[in-house]
Amino acid sequence: MKAIEHAHFGRVETNALRDTDVIWRSTLQLGDDEVEVLLWAGPSSEPDAGELDDLAARLTDLPALDAAARAALRRHLRADRYFIDFHVEELEGGEAVGRLLRAAAGGEVGADAFVAAMRLGGVGLWLSDLPGRPPVVLDYVFEPDLSDQVLAVKVTRHGAVTSVDWES
């Protein structure tokens with residue numbers, strides 16, 4: 001079956017795909033931010049109701065997913081602060097970096113403050129037949145108008161964080 005009607009995603013169809021592509025898109029509100037959500041599939045994808053239900057559940061409770069992802073980001077940045085240092089150096093003089101440096105009062109910008117300043121830039125949902133792709137990827141950005149660097153929080157379809165990866 002290459003098509004399915006789903007309560008959250010509507011008609012999900014992969015019949016015409018020749019390459020990996022977006023088969024559904026939407027936006028969700030998270031606090032003051034509007035977040036783009038994309039559902040990706042490959043040409044051999046066969047939509048499964050259970051898998052789509054799990055992915056929809058992640059979106060239904062986006063604030064909880066965001067909280068879990070931010071906890072993982074804080075742990076990651078406490079263990080390896082290179083992403084913070086990179087942005088503080090590269091965006092020196094920027095408004096957001098200036099606020100963080102003033103709050104640090106001459107010390108290092110901490111992981112908690114930096115993660116609080118990050119924004120969820122987008123959510124990618126990937127159907128399971130795409131090898132090497134986690135089913136849920138949350139892309140966190142700092143000063144997206146000035147930097148294309150992303151910390152991607154990768155999550156299972158059941159909501160468990162598996163990794164945080166620096167991407168651009």
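Look at the lining of the largest pocket: its residues divide into 6 nonpolar, 4 polar and 5 charged. Here Ala, Val, Leu, Ile, Met, Phe, Trp, Tyr, Cys and Pro count as nonpolar, Asp, Glu, Lys and Arg as charged, and the others, including Gly, as polar.

Keep in mind that this is a predicted model, in which local features need pLDDT of at least 70, side-chain atom pairs need 80 or more, and totals for chains, interfaces and linings use all residues. Residues are numbered from 1 along each chain as its sequence is written, and side-chain values use heavy atoms, without hydrogens or water.

Confidence is highest in helix α2 (residues 62-79), at a mean of 97, and lowest in helix α4 (residues 95-104), at 86.

Back to the pocket, an open set of points on a 1 Å grid over the protein atoms alone where a 1.4 Å probe fits, with protein on both sides within 12 Å along at least five of seven lines. Of its 15 lining residues, W40, G124, W126, V137 and D139 lie nearest the centre; lining means having an atom within 4 Å of a point. Which strand gives the most? That's β5, with 5 residues, while β4, β5 and β6 each supply at least two.

Helices (H or I, at least four residues) and strands (E, at least two) are DSSP runs, numbered from the N terminus.

| β3 | 21-30 |
| β8 | 161-167 |

The open sheet has 6 strands with mixed pairing, in the order β3-β4-β5-β6-β7-β8. Strands pair if DSSP finds at least two bridges between them. β3 and β8 each have a single partner, so one side of each lacks a neighbour in the sheet.

β3 and β4 run antiparallel, joined by 9 bridges. W24 stands opposite L39 in β4, and R25 stands opposite L38. Their hairpin has 2 residues between the strands, and G31 takes a positive phi near 65°.

Terms used: pLDDT is the predictor's confidence in each residue, from 0 to 100.
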